[in-house]
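Reader: Please show the sequence and the structure, and then let us discuss them in turn.

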Amino acid sequence: MKKQLLALGLFTAMTMPSIASAADYVIDTQGAHASINIKIKHLGYSYIKGRFNTFDGTFSYDPKDIAASKVSVNVDTTSFDTNHAERDKHVRSGDFLDVKKYATASFASTKVTDKGNGELVITGDLTLHGETKPITIDAQFIGEGEDPWGGYRAGFAGTTRIELEDFGVPIMGESSYADLELHVEGVRQ
């Protein structure tokens, strides 16, 4: 009887799908531990850099099963900031972001692909200016471990380019696109 139970247990373990043990993280937006930065060409001979100061989000991550990872981020578009009040007011206006009508942007991943050596491709849906379109983020795992406050953290960086017209945002000057640079540090829950 013991041999039959052992055999049944081994058979069950071998035939059942493995369950990923992804850890859940909350993005730490305090103290510049995470940032959403934007770069747009200015007049064809330089770039303006800015950021969104207010956002929140979560992610799940299991280094043994990268494909089970997920990311979800909400951005307060009224927090757009290039350190130039008049320009920021104009970009937030109905001429561009129209933050009175579209105060929130969001991203939800649909697929995470492991390219090896800490390189990831994160595909998902970006909702901006009332339009939802798929985007791809080239990401890199930076590291993970215990922090000085008794928590456990994981960090990533990523870049993507979005075409403004895809989201109904008018072209800003000569730039039809905006480059996003993302830095994400999360605290495990």
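Author: Strands 2 (35-42), 4, 5 (70-76), 7 (104-116), 8 (119-128), 9 (131-146), 10 (152-163) and 11 (177-188) each supply at least two residues of the lining of the largest cavity; strands are DSSP runs of E, at least two residues, numbered from the N terminus. The model is predicted: local features need pLDDT of at least 70, side-chain atom pairs count only at pLDDT 80 or more, and totals for chains, interfaces and linings use all residues. Residues are numbered from 1 along each chain as its sequence is written, and side-chain values use heavy atoms, leaving out hydrogens and water.

Reader: How much space lies in the largest cavity?

Author: A cavity is a set of points, on a 1 Å grid over the protein atoms alone, where a 1.4 Å probe fits but cannot get out; lining residues have an atom within 4 Å of a point. Its volume is the space filled by probe spheres set on the points, joined across faces, edges and corners. For the largest cavity this is about 630 Å³.

Reader: Which of the residues that line the largest cavity are the closest to its centre?

Author: The lining of the largest cavity has 43 residues. The closest to the centre are I36, V73, F107, I137 and L182.

Reader: Which residues is N53 in contact with, leaving aside its neighbours within four places in sequence?

Author: N53 lies in the loop between strand 3 (46-52) and strand 4 (55-61). Contact means heavy atoms within 4.5 Å. Outside its sequence neighbours within four places, N53 is in contact with S79 and D81.

Note on methods. Helix = DSSP H or I, 4+ residues; strand = E, 2+ residues; numbered from the N terminus. 1 Å grid on protein atoms, 1.4 Å probe; cavity = no way out; pocket = protein on both sides within 12 Å on 5 of 7 lines; lining within 4 Å.
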